[in-house]
Amino acid sequence: TPTKSYRLNENIAITGKATAYAGNAIDNAQVKFKVHRQARMLHPILLPGGRGIWPPSYNAGNTQITNGQTLTKTDGSFTIDFVALPDAAISEQWLPTFEYVIKATVIDVNGESHESTFTVNAGYRSLQLSLSKTLAAGQAANSSHQFAIGTSNMMGQPVAAMVTWKL
C-alpha cells in the first residue's frame, strides 16, 4: 500500500514485479494493463452553521481511462504510468475521491499469464483528517477533553502533516 499522497491530474507511476511461482524474476515478458476510474463521495459537505448535506447521488460506473502494454526488465520489474484524471461531470465542490483500479497481466515466454490488481485513490485534496475524542474511565462527560487529530493519505495510510486547529 503506498504511503504517497496522490492528487488529481497528477502523473502516477505504479511499479510491479513479475515473479514465477518458483520465485525467480520473469524478464522481458509482456505486461498488458488497464486503468479504470470509479468516483466515491466520502463525506457530507458542512455548511455555515454546522449543517451538513450529502452530494447528489452520482453513478458513472467504471470508466476505463487508459490501457497499454510494456515489458518487464531483467529483474522482473515494470512500471505503469497514468494521469489521475477526474470525472468532469462531478463538481470539485463535492470533494469526490476517485478510485483508480490498475489491472496488469504478465504473459511469460511460455504463454502463461499472471494477473494482479492494485488500487490507488486520489482526490482534489491529498489528505484526510480525522478527529477523535475519548473519555477516560470514570471521566465526567462535561469535564475537559483531549482530542487526537490524525492525517492520512487517500489510501488511509498515516502521513505526517502540520495541522492548525482553532476553536
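Predicted model: local features only at pLDDT ≥ 70, side-chain atom pairs only at ≥ 80, totals over all residues.
Colleague: OK, and where does Leu 129 sit?

Modeller: Leu 129 has its place in strand β9, where a strand is a DSSP run of E with at least two residues and a helix is a run of H or I with at least four, numbered from the N terminus.

Colleague: Let me step back a bit, then: how many helices and strands are there in the protein chain?

Modeller: The protein chain has 10 strands and zero helices, so if you follow the sequence from one end to the other you read the pattern β-β-β-β-β-β-β-β-β-β.

Colleague: And what share of the residues counts as buried?

Modeller: The protein chain has 167 residues, and 30% of them count as buried.

Colleague: Back to the surface, which residues form the nonpolar patch there?

Modeller: The patch is formed by Leu 129, Leu 131, Phe 147, Ile 149, Val 163, Trp 165 and Leu 167, and together these residues have about 760 Å² of accessible area. Patch residues have over 30% relative accessible area and no salt bridge, with nonpolar side chains (Val, Leu, Ile, Met, Phe, Trp, Tyr) joined within 5 Å and like charges within 9 Å; areas are Shrake-Rupley values with a 1.4 Å probe, and only the protein chains shown count as cover.

Colleague: What about Val 163, where is its place?

Modeller: Val 163 lies in the segment after β10, and it is partly exposed, because its relative accessible area is 35%. If you look for Gly 150 in the structure, you will find its C-alpha 9.1 Å from that of Val 163, although 13 residues separate the two in sequence.

Colleague: Changing topic, how many salt bridges does a search of the whole structure find?

Modeller: The search of the whole structure finds two salt bridges, each being a side-chain nitrogen of Lys or Arg within 4 Å of a carboxyl oxygen of Asp or Glu. In one of them the side chains of Arg 40 and Glu 99 meet at 3.8 Å, N to O. That pair links distant parts of the chain, with Arg 40 in strand β2 and Glu 99 in strand β7, 59 residues apart.

Colleague: And how exposed are Arg 40 and Glu 99?

Modeller: Arg 40 is partly exposed, with a relative accessible area of 28%, and Glu 99 is also partly exposed, with 23%.

Colleague: Which side chains meet in a salt bridge at 3.7 Å?

Modeller: Those are the side chains of Lys 103 and Glu 115, with the 3.7 Å taken from N to O. Lys 103 belongs to strand β7 and Glu 115 to strand β8, and the pair links distant parts of the chain, 12 residues apart. At 38% relative accessibility Lys 103 is partly exposed, whereas Glu 115 is exposed, with a relative accessible area of 54%.

Colleague: What lies in the loop between β7 and β8?

Modeller: Asn 110 is one of the residues in that loop, and it counts as exposed because its relative accessible area is 63%. Along the chain Asn 110 and Ala 29 are 81 residues apart, yet their C-alpha atoms are separated by 9.7 Å.

Colleague: One more thing, what is the phi of Asn 9?

Modeller: Asn 9 has a phi near 65°, which is a positive value in a residue other than glycine. Most residues other than glycine have a negative phi. You will find Asn 9 in the segment before β1, where it is exposed at 53% relative accessibility.

Colleague: And what about the phi of Asn 28?

Modeller: Asn 28 is not a glycine either, and its phi is positive, at about 55°. Asn 28 sits in the loop between β1 and β2 (30-40), and with a relative accessible area of 53% it is exposed.

Terms used: Residues numbered from 1 in each chain as written. Heavy atoms only, no water. Buried < 20%, exposed > 50% of the residue type's maximum accessible area, 1.4 Å probe, protein only.
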